[in-house]
Structures are given as structure tokens and as C-alpha cells.
Amino acid sequence: MPFEANETDLWPIFSPLGNILELVILRHQGKSKGCAFLTYENRTDAEKAIRTLDSQVSVPSDPRGRLLTVKYANSAAAAAM
């Protein structure tokens, strides 16, 4: 995701696909790492978001129009962040 994006930019992209319990952009010293974690209420909604959004949608605030990568978190990578 673009470094310029914030939670407010991401919420309207993901919320139509299910009930979001948590949406957090990873930051280091206040700056985005270009990655976010999102938790849906159930796995079905998470799978629907992956199918619907992965490589299909860009964040409106991204001037370059890069497509989002939407996938399940890698536990090892998440722990390192």
C-alpha cells in the first residue's frame, strides 16, 4: 500500500466486504511501513476480501495508482514487524 495512505483511506475499501474488527497500519517512528493488518469478524469475509481486492484495487490517495496486495499475514513476517 502507498506510504501516504492512512486508516481512513483503507476503511471504505475493506468495510463493504465484512465487519472489520481491527485495521492497523504498521508504522516505525510515526512513518508508514507500507503495510497494514486487517482483522475481519470471520474467515469467510477475509477470504472474500482477498478474492475481491488482491491486485484489483488501488487506494484513492495513491497518486501512482498502485494496486493493493491483499493476503493472509505471514506469521513470521508479522512477528518481525
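Predicted model: local features only at pLDDT ≥ 70, side-chain atom pairs only at ≥ 80, totals over all residues.
Colleague: Okay. What happens at the start of helix 2?

Modeller: A side-chain oxygen of Asn42 reaches to within 3.2 Å of the backbone nitrogen of Thr44. That is a polar contact: a pair of N or O atoms within 3.5 Å. Within protein, one atom must be able to donate a hydrogen and the other to accept it. Residues adjacent in sequence count only if both atoms are side-chain atoms.

Colleague: And which residues of helix 2 are buried?

Modeller: Asp45, Ala46, Ala49 and Leu53. Buried means under 20% relative accessible area, exposed over 50%, partly exposed in between (1.4 Å probe, protein chains only). Seen down the axis of helix 2, the buried residues fall within an arc of 105°, so they line one face. The arc is that of the directions from the helix axis to the C-beta atoms.

Colleague: What covers them?

Modeller: The cover includes helix 1 and strand 2. The face turned away from the buried side carries the exposed residues Arg43, Thr44 and Arg51.

Colleague: Zoom in on Leu53. What does Leu53 touch?

Modeller: Ile13, Phe14, Leu17, Leu68 and Val70, not counting residues up to four places away in sequence. Contact means heavy atoms within 4.5 Å. Leu53 counts as buried because its relative accessibility is 5%.

Colleague: New topic. How many salt bridges does the structure hold?

Modeller: Five. A salt bridge is a side-chain nitrogen of Lys or Arg within 4 Å of a carboxyl oxygen of Asp or Glu. One of them joins Arg66 and Glu4, with the closest N and O atoms 3.9 Å apart. That pair links distant parts of the chain. Arg66 sits in the loop between helix 2 and helix 3 (75–80), and Glu4 in the segment before helix 1 (7–14), 62 residues apart.

Colleague: Which salt bridge does Glu47 form?

Modeller: One with Arg43, the closest N and O atoms being 3.2 Å apart. Both lie in helix 2, four residues apart, about one turn of the helix. Arg43 counts as exposed because its relative accessibility is 56%. Glu47 is partly exposed, at 31%.

Colleague: What about Lys48?

Modeller: Lys48 pairs with Asp45, and the closest N and O atoms are 4.0 Å apart. They are three residues apart in helix 2, so about one helical turn separates them. Lys48 is partly exposed, at 30%, whereas Asp45 is buried, at 12%. Elsewhere, salt bridges that share partners join Glu4, Asp62 and Arg66 into one network.

Colleague: Last one, the strands. In which sense do strand 1 and strand 2 pair?

Modeller: Antiparallel, over seven bridges. Two strands pair if DSSP finds at least two bridges between them. Strand 1 covers residues 20–28 and strand 2 residues 31–40. They form a hairpin with two residues between them. Gln29 in the turn has a positive phi of about 50°.

Colleague: What stands opposite Arg27 in strand 2?

Modeller: Ser32. Arg27 is also 23 Å from Leu53, C-alpha to C-alpha.

Note on methods. Residues numbered from 1 in each chain as written. Heavy atoms only, no water.
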